[in-house]
Amino acid sequence: GSSISLRALTGNAKRYGIKLPFERPPFTESVVDDENLLSLVKMLSLSDQLTLDTYNTVVSLPGCVRMHWHADVDDPFDFLSRLTRTPTHFSPPGVVVLVPLTDVNSTNGPTAFRMGSHVRVRGNKASDAQHDPKWLSPFAPIDDDFMKRTYEIEIPVKRRSLVLFDLRIIHRGGANNGNANRHVLYLGYTM
């Protein structure tokens with residue numbers, strides 16, 4: 001069976017991902033199997049077939065620095081765009097659900113997102129998109145050009161709220177400048 005495991009998520013060892021077992025109580029009696037949540041995730045992913053791929057809690061201790069920009073997975077559909085040289089946007093290969101276990105605000109470090117960073121369709125880079133290899137890449141370099149094409153939003157949320165996002169979107173956890181730990185439940189559903 002599963003067991004609880006711990007891994008550092010930042011270099012300064014003040015952010016940890018704690019993998020939780022979901023085969024036994026109390027972990028099976030949670031938001032993981034909520035019918036309303038599962039219906040929403042199925043609708044967003046355009047799929048009736050879901051697997052709970054990741055069940056973690058992320059703990060950011062006081063003094064934790066801001067994470068680097070990253071996406072949780074490589075885009076599994078990128079090969080199609082590269083093969084056909086046709087930028088196409090597919091439905092999400094998975095949906096992440098963040099459930100803050102404490103209020104998350106600008107002091108203790110909300111998750112920030114680069115809006116549009118998961119989309120690979122015409123309009124993201126005008127008419128020369130087919131000829132721009134950076135544009136066709138699932139994760140263009142996070143350089144000045146990338147920063148101009150996307151904008152950052154931070155989402156402060158109340159405890160036990162839900163934040164859902166396409167697992168291809170580029171994001172990062174914020175710095176915890178508060179004096180208490182920040183806990184977020186992280187659920188990853190894939191097709």
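A salt bridge is here a side-chain nitrogen of Lys or Arg within 4 Å of a carboxyl oxygen of Asp or Glu. The legends below describe close-up views of a predicted model.

**View 1. Salt bridge between R172 and E152.** The closest N and O atoms of R172 and E152 are 3.8 Å apart. R172 belongs to strand β8 (residues 171-172) and E152 to strand β6, so this pair ties together parts that are 20 residues apart in sequence. R172 counts as buried, at 10% relative accessibility, whereas E152 is partly exposed, with a relative accessible area of 34%.

**View 2. Salt bridge between E152 and R114.** E152 also pairs with R114, and the closest N and O atoms are again 3.8 Å apart. Since E152 is in strand β6 (residues 151-154) and R114 in strand β5 (residues 112-115), the pair ties together parts that are 38 residues apart in sequence. R114 has a relative accessible area of 4% and is buried. Through salt bridges, R114, E152 and R172 are linked in a network.

**View 3. Salt bridge between D166 and R168.** The structure holds three salt bridges, one of which joins D166 to R168 with the closest N and O atoms 2.6 Å apart. D166 is buried at a relative accessible area of 11%. R168 likewise counts as buried, with 2% relative accessibility.

View 4. When neighbours within four places in sequence are left aside, T57 is in contact with Y16, G17, I18, L20, L101, V184 and L185.

**View 5. The largest nonpolar core and its most connected members.** This core comprises 13 residues, of which Y55, V97, L187 and Y189 touch the most other members. At least two residues of the core come from each of α1 (35-45), β3 (51-60), β4 (94-100) and β9 (182-190). Another core, of twelve residues, lies apart from it; L98, F165, L167 and Y186 are among its members.

Methods
Residues are numbered from 1 along each chain as its sequence is written. This is a predicted model: local features need pLDDT of at least 70, side-chain atom pairs count only at pLDDT 80 or more; totals for chains, interfaces and linings use all residues. Side-chain values use heavy atoms; hydrogens and water are left out. A nonpolar core is a set of buried Ala, Val, Leu, Ile, Met, Phe, Trp, Tyr and Cys residues joined through side-chain atoms within 4.5 Å. Buried means under 20% relative accessible area, exposed over 50%, partly exposed in between (1.4 Å probe, protein chains only). Helices (H or I, at least four residues) and strands (E, at least two) are DSSP runs, numbered from the N terminus. Contact means heavy atoms within 4.5 Å.
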